[in-house]
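Work through the exercises below with the sequence and the coordinates at hand. Each task is followed by a solution in steps.

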Amino acid sequence: MPTATPSRLAVIIGSTREGRFGPVVADWFVRQARARGDLVVDVVDIAEARLPAALSAPDENGGYASPEVRAYAERIAAADVFVVVTPEYNRGYPAALKHAIDCVYAEWQAKPVAFVGYAGGMSGGIRAVEQLRPVFTELHAVPLRDSVNFPHVHTRFGADGEPLDAKEAEAAVKKLLDQLMWWGQALHEARTWRPYVA
């Protein structure tokens, strides 16, 4: 039976580059997600997380020494589902995004992850998304097959922050979020019934 409680969605903005286009894409996506009644959205901008450059393993109780990592880990742990908004730089995703992913571990486990990719060229971020899927699989998360992608992203959005082809983009987001919610509910029920063992 579908749960009446809204799922907690963390939208992770994966670019920290000066002049980045990521917030435009993420803000539009967040508006789509918040228009639904089944999601509570937390926007996690890694440019604002101030994560330390040096990674350290959690202690024996799963805690983190850095207060910045602790605050970040709490937000990741609180989420039921994730959407990573990532650019494609030189056929890959940003190093800062990999660092943010690697800062925590157990908080990702047995939860679904979807992707919104974008690029200035024709790839639309597909190659970055393809590289992120095995990273999340290694963390025992469940990456979704489908993604939303924007090629030539600077020409795809108007000055108002809306896609020029809004109907097509909104349909793609609805499909992605419907799939994400299916996995989110299924995995939440599974974790409730039996704790996940990595």
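A residue counts as buried when its relative accessible area is under 20%, as exposed when over 50%, and as partly exposed in between. The model is predicted.

**Exercise 1. The buried side of H4**

Task: Find which residues of H4 are buried, and state what covers them.

Solution. 
Step 1. Applying the cut-off to H4 gives Leu 97, Ala 100 and Ile 101 as buried.
Step 2. These residues lie on the same side of H4, because they span an arc of only 100 degrees around the axis.

**Exercise 2. The nonpolar cores**

Task: Give the number of residues in the largest nonpolar core and the residues with the most contacts inside it; then list what Trp 108 touches.

Solution. 
Step 1. The largest nonpolar core holds 30 residues, and Ile 12, Tyr 72, Trp 108 and Phe 136 have the most contacts inside it.
Step 2. Elements that each supply at least two residues of this core are strands E1 (7–13), E3 (81–87) and E4 (112–118), and helices H2 (46–49), H3 (67–78), H4 (95–102) and H5 (126–138).
Step 3. H5 gives the largest share, five residues.
Step 4. Leaving out residues up to four places away in sequence, Trp 108 touches Ile 12, Tyr 72, Ile 76, Phe 82, Ala 100, Ile 101, Phe 136, Leu 139, His 140 and Ala 141.
Step 5. There is also a second, separate core of 29 residues, with Trp 28, Val 30, Val 85 and Phe 157 among them.
Step 6. As background, nonpolar side chains in soluble globular proteins tend to be buried together.

**Exercise 3. Salt bridges**

Task: Count the salt bridges in the whole structure. Then examine the pairs Glu 88 with Arg 127, Asp 146 with Arg 145, and Asp 178 with Lys 174.

Solution. 
Step 1. The search of the whole structure returns 12 salt bridges.
Step 2. Between the side chains of Glu 88 and Arg 127 the N to O distance is 2.6 Å. Glu 88 belongs to the loop between E3 and H4 and Arg 127 to helix H5, so this pair ties together parts 39 residues apart in sequence. Glu 88 is buried at 10% relative accessible area, while Arg 127, at 34%, is partly exposed.
Step 3. For Asp 146 and Arg 145, the closest N and O atoms are 2.4 Å apart. Asp 146 is buried, with 16% relative accessibility, whereas Arg 145 is exposed, with 72%.
Step 4. Asp 178 and Lys 174 meet at 2.7 Å, N to O. Both lie in helix H6 (residues 166–193), four residues apart, which is about one turn of the helix. Asp 178 is partly exposed at 33% relative accessibility.
Step 5. Through shared partners, salt bridges join Arg 36, Asp 38, Lys 174 and Asp 178 into one network.

Note on methods: Residues are numbered from 1 along each chain as its sequence is written. This is a predicted model: local features need pLDDT of at least 70, side-chain atom pairs count only at pLDDT 80 or more; totals for chains, interfaces and linings use all residues. Side-chain values use heavy atoms; hydrogens and water are left out. A nonpolar core is a set of buried Ala, Val, Leu, Ile, Met, Phe, Trp, Tyr and Cys residues joined through side-chain atoms within 4.5 Å. Buried means under 20% relative accessible area, exposed over 50%, partly exposed in between (1.4 Å probe, protein chains only). Contact means heavy atoms within 4.5 Å. The arc is that of the directions from the helix axis to the C-beta atoms. A salt bridge is a side-chain nitrogen of Lys or Arg within 4 Å of a carboxyl oxygen of Asp or Glu.
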